[in-house]
Amino acid sequence: MKKKCLVVTGGGDCPGLNAVIRAIVKRSESASDWEIWGSYNAFNGLLENPIRLMKLDNKAVAGIHFKGGTIIGTTNKGGPFQWPRQSDDGEVELVDVSDEMIDRMKELNIEAVINIGGDGSQSISQKLYEKGVNIIGVPKTIDNDLSSTDMTFGYQTAVETATQAVDKLVTTAESHHRIFILEVMGRGAGWIALNAAIAGGAEACLIPEIPYKIENLTKMLKLRSDGKSGFAVIVISEGAKPVGGEQSGFKPSEPGYENFHLSGAGHRLAYDLKQTGIKADVRVSVLGHLQRGGIPIAFDRILATSFGVKAFEMVLNEEFGKMVSYKYPEFVSVPIRDAIKYYNYVKLDSALIHTARGIGICLGE
Ligand code: F6P
């Protein structure tokens, strides 16, 4: 009987997930004693009754490398350590069902798991590893906020989408002599915002790593546009905040949804700018999930494919408890526990910040 390797995609989707899945399946072909299965919607497929798994063979993965999303689905709620279960009084409580899940894996002869996900998913990987599961992590997120790898796949596609949005806003801002604010994703890290601002030629860029002062923006904006001529584009990260202020957003009430939902940074900035007496119209565009969907650019397809090949080779080499990592120009393995220890912030002394400052982008500092 062949050994089973289970592939799981967890957390927010991101361009390139399908390319990883395809590469795992293709790489496993030469190891004839393995077959690959996928669990629907992260670990939910293993936890639900009936179990929902999908055989991932050559036919199932044919031509999926350029498709966005994930053919096995994902979720950023719940999971084996926080499974929503209705109690007798009708209340939904979150329970740890990891032992039941591990028992099911044993019954199904699943000998290895490849968990493709961001820091939340890799925290689950680490806990399962500590419980004896043979697990490998693959780093995924458009936010590029995972440490221990030079880059995550999906991030460069998101930067491309955000840059195209800046390009489009420039032409309408110029025609109407307006100030445009583009709010982009990225959680606590300003990678997408900073890259799109530099690539698109924005006048200002506000990121979570540098709390901004409104007065540092208004002077530049008043010089740039009086509402009759001139224009400006500001890229703001969803996690940006003013000096002394908090991030904009709310804690969702859905059971098992752990993340603080960041939203409103762009509109707050527009309101605050108008309070300073800026004459030009200020408009806000929120790019949202457009950054997560669609076709991965070639760079991300290649990165994702390399991650998939390396991940399966780590299964063959029994490098469990480790995550695939891109350390230019190599693909290496690092302990998952190290990868989830630190958040990958934009460093203030980095070349990227130096470049932004060098071309006069106002960082609100
Ligand atoms: O982590 C990826 C990400 O897209 C973040 O940039 C964003 O804050 C969050 O997920 C949005 O999550 P949801 O899909 O739950 O709205």
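I began at R357, which forms a salt bridge with E365, with 2.9 Å between the closest N and O atoms. I looked up the exposure of both partners and noted that R357 counts as partly exposed at 40% relative accessibility, while E365 is partly exposed too, with a relative accessible area of 45%. I keep in mind throughout that this is a predicted model.

I then went through other salt bridges, of which the count comes to 15. R52 is paired with E48, the closest N and O atoms being 3.9 Å apart; I found R52 partly exposed at 37% relative accessibility, and E48 partly exposed with a relative accessible area of 22%. K341 and D338 meet through their side chains at 3.6 Å, N to O; here K341 counts as exposed at 51% relative accessibility, because the cut-off for exposed is over 50%, whereas D338 is partly exposed at 27%. I also noted a network of salt bridges that links D119, D143, D145 and R187.

Leaving aside neighbours within four places in sequence, L262 is in contact with R187, E238, G239, Q247, S248 and G249. I recorded L262 as buried, since its relative accessible area is 12% and buried means under 20%. I also checked V243, which lies 19 residues from L262 along the chain, and found their C-alpha atoms separated by 17 Å.

Next I asked which side chain of opposite charge is nearest to D300. I located D300 in helix 10, which runs over residues 298-316, and, not counting residues up to four places away in sequence, I listed its contacts as P15, T152, F153, G154, Y155, Q156 and T157.

Last, I stepped back to the whole protein, whose secondary structure comes to 12 helices and 15 strands. Its radius of gyration is 22 Å, close to the 21 Å that the globule rule gives for 365 residues, so I wrote it down as being as compact as a globular protein of that length. Along its principal axes the C-alpha trace spans about 75 × 55 × 35 Å, and buried residues make up 53% of the 365. Of the contacts between residues at least 6 apart in sequence, 71% join residues at least 24 apart. For the charges I noted 40 positive and 43 negative side chains, with the centres of the two sets lying 4 Å apart.

Terms used. Residues are numbered from 1 along each chain as its sequence is written. This is a predicted model: local features need pLDDT of at least 70, side-chain atom pairs count only at pLDDT 80 or more; totals for chains, interfaces and linings use all residues. Side-chain values use heavy atoms; hydrogens and water are left out. Helices (H or I, at least four residues) and strands (E, at least two) are DSSP runs, numbered from the N terminus. The radius of gyration is taken over C-alpha atoms; the globule rule is 2.2 Å times the number of residues to the power 0.38. Buried means under 20% relative accessible area, exposed over 50%, partly exposed in between (1.4 Å probe, protein chains only). Contact means heavy atoms within 4.5 Å. Lys and Arg count as positive and Asp and Glu as negative; His and the chain ends are not counted. The place of a charge is taken as NZ of Lys, CZ of Arg, CG of Asp or CD of Glu. A salt bridge is a side-chain nitrogen of Lys or Arg within 4 Å of a carboxyl oxygen of Asp or Glu.
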